[in-house]
Amino acid sequence: MDYLVNVDNMTFSRGERVIYDGVSLRVPKGKITAVMGPSGIGKTTLLKLIGGQLQPDSGDITFDGDSIVNMSRRELYQTRRRMSMLFQSGALFTDMSVFDNVAFPLREHTKLSESVIATIVSLKLQAVGLRGAAQLMPSELSGGMARRAALARAIALDPDLIMYDEPFAGQDPISMGVLVKLIRELNDALNLTSIVVTHDVTEVLTIADYIYILADKRIIGEGTAEQIKHSDSELVQQFLRGEADGPVPFHYPAPSLQESMLGEEV
Amino acid sequence: MNWIRQIGRTTLDRVSATGRAGLMLFGALIAPPSIKNIPLTIKQVYVVGVQSLAIIIVSGLFIGMVMALQGYTILTDYGAEGSLGPMVALSLLRELGPVVTALLFAGRAGSALTAEIGLMKATEQLSSLEMMAVDPLRRVVAPRFWAGMLSMPMLALIFSAVGILGGHLVGVDWLGVDAGSYWSIMQSTVDWDKDVINGVIKSLVFALVVTWIAIFKGYDSIPTSEGISQATTQTVVFSSLAVLGLDFVLTALMFGIE
């Protein structure tokens, strides 16, 4: 199988705190790969590492065979034109209308005439169901609409790879359904490769072709949805079932309650 | 021993922040100005310059009026009220115009720049620019920097001009100083190079410092509500102190050593 992104034995830390310790994963071309894990594990960090916004301490990350880690700034910017990212907040430019937001990457990176840009923007907005909202400002959109508008912007340049950062977080059931459908349909229709980073288990199991589960600075489980469901790892099962206590403890590490309340002599 | 460690840490933090600030400005300015950036810069001149006009004009008017009033009461004791014009004009052109404009600019436009860039960072707009292969330093930082550099000297000149008119209003129209002597002594006393150009140079230096601090504080802010509020406050405090300190140095260089 052909892989678009390859993370090889990557280690990354912020100050003293180690986020990843020897993580390896591969993202097959044309498929939806999900990366799941508890909050605060550094899932967004992984996307920033793949996008070259952060540098790993050791290990390598390649995009279509080229090492992101060793790229010059110019090469990195060239490569980024082939990838795009849907941020959790949407990250629409608040001083531009939805139309201008979607047109932004086209105006920056192409020499297309305004009429061609208008046509492309309309098509992209049609794909996410927001053609009627083209002239609205981001502040006039609901959370779900903002994310769809950002998705239209993310596919404006027809990238090879699209990275979704928590696309389902804070969405109502209808918006969630719309986003799930869009991610699947866009991936297949545009022959994209998608990485979805999320902790919404149910949604991801329905759309992902391959799943990695991150916890404890490494990958603790991987496989197709079926394989993951039948994994014998306690940690994976705790995560899938949403149990409060288990290998990931409910309590943040602390001395015993008895000891702190009554003193050490007890 | 803790305080020694604290001093060391603070020093290292300051040095590294200065380095980051330098790199940010270098990254923003190294690129040749692109045609695409011209409309962005014009928009920013409107935001930081034109929208600061009201506060600059009102402050300039009142400061000119107060100076004339204060100057008149002192000069009249010596029968020298004819020198009111040059007194008002020189104080404004050499000192108050550049300095007060820079202080007002820091409060009105500098804080807005910091908050805007800080919020762009918090809402991931800067990250999304980077991921769209658009350098935020060139797209966001450079136009705002050039807008500050262009706007502040013009605002300072407007401030001084309005202040001189304010001085005329009080000195001539109200207190009865002779209009001819107000203007003619001013004309013969104020030197183009020494007074006007030096004032503009001061203003350019202040523009560099205030805009740089404002942009860097936003760009380097911790992207939380507390972080942005702290960065905004620091912009106003640091740039005000820098302006006042630099004003002394520049005054000493320009007027102190004959």
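The model described here is predicted. Chain B contains nine helices and zero strands, and its pattern along the sequence reads α-α-α-α-α-α-α-α-α. Its C-alpha atoms fill a box of roughly 65 × 55 × 35 Å along the principal axes. Of its 258 residues, 47% count as buried. Among contacts in chain B with a separation of 6 or more, 84% are made by residues 24 or more positions apart.

In chain A, six strands form an open sheet with mixed pairing, in the order β6-β7-β8-β3-β9-β10. Strands β6 (83-86) and β10 (218-223) of chain A stand at the edges; each has a single partner strand, so one side of each lacks a neighbour in the sheet. From one strand to the next, the twist averages 20°. Strands β7 (residues 161-165) and β8 (residues 193-198) of chain A run parallel and are joined by five bridges. In this pairing, A:D165 has A:V197 of β8(A) as its bridge partner. Helix α5 (residues 143-154) of chain A packs on the sheet, where it touches β6 and β7 of chain A. The direction of helix α5 makes about 175° with that of β6(A).

Helix α9 (residues 234-241) of chain A is mostly covered, with six of its eight residues buried. The buried residues are A:L235, A:V236, A:Q237, A:Q238, A:F239 and A:L240. They pack against β3 (32-36), α7 (201-207), β9 (210-215), β10 and α8 (225-229) of chain A. Just after α9(A), A:G242 adopts a positive phi of about 65°.

Over all chains, a search of the whole structure finds 22 salt bridges. One of the pairs is A:E166 with A:K43, whose side chains meet at 3.5 Å, N to O. This pair links distant parts of the chain, 123 residues apart: A:E166 is in the loop between β7 and α6 (173-189) of chain A, and A:K43 is in helix α1 (residues 43-50) of chain A. Both A:E166 and A:K43 are buried.

A further salt bridge is formed by the side chains of B:K43 and A:D95 (3.2 Å, N to O). B:K43 lies in helix α2 (residues 37-49) of chain B, and A:D95 in the loop between β6 and α3 (98-109) of chain A, so the pair joins two chains. B:K43 counts as partly exposed at 41% relative accessibility, as does A:D95 with a relative accessible area of 46%.

A:D209 and A:R184 also form a salt bridge, in which the closest N and O atoms are 3.4 Å apart. Here A:D209 is in the loop between α7 and β9 of chain A and A:R184 in helix α6 of chain A, 25 residues apart. A:D209 is partly exposed, with a relative accessible area of 26%, and A:R184 is partly exposed, with 22%.

Terms used: Residues numbered from 1 in each chain as written. Chains lettered and ligands numbered in written order. Predicted model: local features only at pLDDT ≥ 70, side-chain atom pairs only at ≥ 80, totals over all residues. Heavy atoms only, no water. Pairing = 2+ DSSP bridges. Helix = DSSP H or I, 4+ residues; strand = E, 2+ residues; numbered from the N terminus. Axes fitted to C-alpha atoms, helices over the stretch in contact; angles between N-to-C directions. Contact = heavy atoms within 4.5 Å. Buried < 20%, exposed > 50% of the residue type's maximum accessible area, 1.4 Å probe, protein only. Salt bridge = Lys/Arg side-chain N within 4 Å of Asp/Glu carboxyl O.
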